[in-house]
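Please open the structure in your viewer and keep the selection tool at hand. The stops below follow one another, each with something to select and a short account of what is there.

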Amino acid sequence: MDLLQGASMDQFNHLRSYAQELLKSNPRSTCVIRCSPSTEGPVFERIYVCLEACKYGFAMYCRPLIGLDACFLKGDFGGQLMAAVGRDGNNRIFPIAYAVVEAETKDAWDWFIKLLLEDLEAINKRAYAFISDQQKGLVPAIQAVSDHVEQRLCAKHLYGNWKKKNPGLEFKEVMWSAARATTVPQWERAMARMKNMKQSAWKEMIDIPAHYWSQSHFKKYSKCDLQVNNMCEAFNRAILEYRDKPIITLLEGIKHYLTKRLTMQKELTSSYNGDICPKIQVSLEKNKKIAQHWTPTWHGDDDMAIYGVTNGRDTYVVNLKKETCSCRRWDLTGIPCSHSITCMWQIKKKPEDYVSQYYRKINFNNSYSHIIYPTSGPQLWPLDEESTMNPPAMRRAIGRPKNMRNKSNDEPKNPHVLPRKFATVTCHKCGATGHNKRSCKGKRAAERAIPKGGNSKGGQGKKSKTNQVEIGNSSQAPPSTQPSQE
């Protein structure tokens, strides 16, 4: 243990040299180390890393929605790993930046978000939106950035807390119908239904501003209707094998994962011939099938852009010039909805021409065009002339570190893994449930099926002893109250 812990502590002495080598091999990247003073010298507190390939690919070619999350580190010194993750043009995760901090506090989140926005706005200054869980200190940290920044809370985590007091399938349905409503009237009807079901349940959800969790109040500029923070969950799962490693091994492992991911995504579209990314094309084809049930009506404008679309029951207004629909699906995602597609068909236009530029194949390839360059080993790192950096105080929790997080009951299960709870066992001997034939203490199923006064072979053969005793006692004396030997 002294040898292993000594290796973990020794890596903090070389952390500055590693940061210099990282910046040398990947110019225009960002690596910031923060230490706290002590009588024995500087003590490591935080490190922030944002590689050039990640921040340029996201800031220039990806939608401005960022997922924020933190997870526990399982090494000797504990701490938290903060991550900022976006989405590429094919709706897959795009890691942007990560940091190792001492704890998840408001000060740590302020520090991380400030460095992240400085990196992104230096490349492309635009409005960014954030989605997160209700992490400690994260909500006020995002609010402190700007009043105009859109902030979303993961609807799945909100429902997980809400269902503890309001369980049941009906409550789940009404909550998600309010969260997935794309227009304000739909949201109001769902909330009215919730209020009629249970006043306290409605009060708990109405106290949370709707722009945090309902699509009906989301802003349009991000072109993403995401409601769950599964981007960060996927990233935390991908780097699980590195989270119990020493500090430099952890950072180098994450960089290795990002390198492999960027290379893999480049190869993904090398043999794909479409102009729209594959997953987006699938969504567009689904909307095309639904569009066959709608009928457009042109309202006589010179641009042939304003249409009323109906299916005999519902009616929506589409403006092809402004690329909007009153259902707000097209506005939120940048993918034409079924109502707008039927209008495009009437004027002989292809729906693919109206898909947002974020989903184009050329944009996807550009987002992965930058390279994460390899770094040399410790034998070639520059010497650090500053004072030695001391490791932080050990924060490791009592007990064996968990490798997997605890999943809630409503999470989808892996079909290839056997569940802990199996179906009720049926005994092949007696036919009862709850035990098997090895622990069975009852009669056999064939013996229990023999009717009184007969046998199991159609009345032929020797009668059972039990039946003979019952017939003899029926005419001579009442049956005995003593239990039979059988």
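Begin with the open sheet of four strands, whose order is 8-9-10-11 and whose pairing is antiparallel. Strands are DSSP runs (E, at least two residues) and helices are DSSP runs too (H or I, at least four), numbered from the N terminus, and two strands pair if DSSP finds at least two bridges between them. Strand 8 (295-298) and strand 11 (324-325) stand at the edges, and because each has a single partner strand, one side of each is left without a neighbour in the sheet.

Before going further, note that this is a predicted model, in which local features need pLDDT of at least 70 and side-chain atom pairs count only at pLDDT 80 or more, while totals for chains, interfaces and linings use all residues. Residues are numbered from 1 along each chain as its sequence is written, and side-chain values use heavy atoms, with hydrogens and water left out.

Now select strand 8 together with strand 9 (residues 306-310), which pair in the antiparallel sense over four bridges. Here W298 stands opposite Y307 of strand 9, and P296 stands opposite V309 of strand 9. In the loop between strand 8 and strand 9 you will find M304, a residue that has a positive phi of about 50° although it is not a glycine. M304 is partly exposed, with a relative accessible area of 38%; buried means under 20% relative accessible area, exposed over 50%, and partly exposed in between, with a 1.4 Å probe and protein chains only.

Move on to strand 10 (315-319), which runs antiparallel to strand 9 and is joined to strand 9 by five bridges. The bridge partner of G308 in strand 10 is V317. Strand 9 and strand 10 form a hairpin with four residues between them, and in the turn G312 has a positive phi of about 95°.

What lies across these strands? Select helix 14 (residues 338-346), which lies across strand 8, strand 9, strand 10 and strand 11 and runs at about 120° to strand 9. Such angles run from 0 to 180 degrees between N-to-C directions, and axes are lines fitted to C-alpha atoms, for helices over the stretch in contact. In the loop between helix 14 and helix 15 (361-367) lies K348, which has a positive phi of about 65° although it is not a glycine, and which counts as exposed at 75% relative accessibility.

The next stop is another sheet, an open one of seven strands in the order 1-2-5-4-3-6-7, with mixed pairing. Its edge strands are strand 1 (30-36) and strand 7 (150-153), each of which pairs on one side only, and the twist averages 20° from one strand to the next. Select strand 6 (residues 129-132) with strand 7 to see two strands that pair in the parallel sense over four bridges, with F130 opposite Q151 of strand 7.

Helix 2 lies across strand 1 and strand 2 (43-50), running at about 165° to strand 1. Helix 3 (residues 52-61) packs on the sheet as well, touching strand 1, strand 2, strand 3 (65-72), strand 4 (80-87) and strand 5 (93-101), and its direction makes about 130° with that of strand 5. Return to helix 2 (residues 15-25) and colour its residues by accessibility: eight of the 11 are buried, so helix 2 is largely enclosed by the rest of the structure. Among the buried residues are L15, Y18 and L22.

For the last stop, select helix 7 (residues 169-179) and helix 8 (residues 184-197), whose axes come within 8 Å and cross at roughly 155°. That makes helix 7 roughly antiparallel to helix 8, a description used for angles over 145 degrees, whereas those under 35 count as roughly parallel, 65 to 115 as roughly perpendicular and the rest as oblique. In the contact between these helices (heavy atoms within 4.5 Å), residues of helix 7 including F171 and V174 meet residues of helix 8 including W187 and M194. Finally, select A201 in helix 9 (residues 199-206), which is buried with a relative accessible area of 0% and which, leaving aside neighbours within four places in sequence, is in contact with W162, N166, F171 and M194.
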